[in-house]
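Hi,

Here is the structure I promised to pass on. Have a look at it first, and then read on for what turned up.

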Amino acid sequence: MQNPGSNPDIPVEAEVAFEEQWDRTRPGVKRKIAYLELANERRLVVFPHREWNAPILERRRVVLFPVRNAAVAAPVGGISESERLTASIAPPEASREPAIVAPISPGQRDAYGRIAELLEPIDRAYSKIDEGMEQLNEALDRLAELARQLRPSVDGVEPSHKVG
């Protein structure tokens with residue numbers, strides 16, 4: 001993790017809203033993540049600081065600590081006691097013991113359930129888009145091959161395949 005302002009492409013402070021999404025590298029695990037539009041028209045992935053229980057879908061002013069092609073965020077003014085994780089959460093790779101998870105309130109549980117319900121149709125739609133893109137690429141490849149075959153001969157050399 002680098003100092004804020006050490007990467008000229010990443011601002012020192014920004015407003016972000018974290019959302020929860022499934023971690024594709026670890027099935028069954030969700031993570032908090034935010035996206036920030038940068039001045040150079042790129043999107044920066046932002047993760048909350050490991051000691052911060054960042055609120056979901058609430059815009060917050062944060063300090064950004066650059067990390068490779070992403071950033072770690074902490075709230076401006078520091079992490080309040082009410083948002084500080086009560087126990088250290090160790091990554092599963094670092095320990096064979098289960099990680100301790102901060103307690104969630106019934107209101108948060110209901111919000112997580114609603115978010116999960118909203119993410120399911122999004123995932124289904126994304127799958128359809130992904131399948132459609134594959135079909136589109138296959139069709140474009142066939143079209144390019146046909147166009148190559150129909151190209152007029154160059155320097156008296158006939159195309160290698162005839163359409164028929």
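How many helices and strands does the chain have? There is one helix, along with six strands. Bear in mind as you read that this is a predicted model. Going along the sequence, the order is β-β-β-β-β-β-α.

Some totals for the chain next. It has 164 residues, of which 24% are buried. The accessible surface is about 12,200 Å², and carbon and sulfur atoms account for 53% of that. I also looked at contacts between residues at least 6 apart in sequence: 51% of them join residues at least 24 apart.

Now to Val72, which sits in strand β6, residues 70-75. Is Val72 buried or exposed? Its relative accessibility is 16%, so it counts as buried, the cut-off being under 20%. Leaving out residues up to four places away in sequence, Val72 touches Met1, Phe47, Pro48, His49, Val63, Leu64, Phe65 and Val67. Met1 on that list is worth a look on your screen: it is 71 residues from Val72 along the chain, yet their C-alpha atoms are separated by 7.7 Å.

His49, another name on that list, belongs to the loop between β4 and β5. With a relative accessible area of 16%, His49 is buried. Setting aside neighbours within four places in sequence, His49 is in contact with Val72, Ala73, Ala74 and Ile79.

On to the charges. A search of the whole structure came back with seven salt bridges. Here are some of them.

- Glu15 and Arg59: the side chains meet in a salt bridge at 3.7 Å, N to O. Glu15 is in strand β1 (residues 13-16) and Arg59 is in the loop between β4 (43-48) and β5 (60-67), so this pair ties together parts that are 44 residues apart in sequence. Glu15 counts as partly exposed at 42% relative accessibility, while Arg59 is exposed, with a relative accessible area of 55%.
- Glu58 and Arg60: here the closest N and O atoms of the salt bridge are 3.5 Å apart. Glu58 is partly exposed, with a relative accessible area of 37%.
- Glu81 and Arg84: this salt bridge has its closest N and O atoms 3.6 Å apart. Glu81 counts as exposed at 64% relative accessibility, and Arg84 is partly exposed, at a relative accessible area of 30%.

Which residues are linked with Glu81 in a network of salt bridges? Glu51 and Arg84 are, making up the network together with Glu81.

Last, the helix. Helix α1 covers residues 106-150, and Asp130 is found in it. What gathers with Asp130 on the surface? Glu131, Glu134, Glu138 and Asp141 do, and with Asp130 they form a patch of negative charge. Asp130 itself has a relative accessible area of 37%, which makes it partly exposed.

Cheers

Key. Residues numbered from 1 in each chain as written. Predicted model: local features only at pLDDT ≥ 70, side-chain atom pairs only at ≥ 80, totals over all residues. Heavy atoms only, no water. Helix = DSSP H or I, 4+ residues; strand = E, 2+ residues; numbered from the N terminus. Buried < 20%, exposed > 50% of the residue type's maximum accessible area, 1.4 Å probe, protein only. Contact = heavy atoms within 4.5 Å. Areas by Shrake-Rupley, 256 points an atom, 1.4 Å probe, with all protein chains shown as cover. Patch = residues over 30% accessible without salt bridge, like charges linked within 9 Å, V, L, I, M, F, W, Y side chains within 5 Å. Salt bridge = Lys/Arg side-chain N within 4 Å of Asp/Glu carboxyl O. Lys, Arg positive; Asp, Glu negative; His and termini not counted. Charge placed at Lys NZ, Arg CZ, Asp CG, Glu CD.
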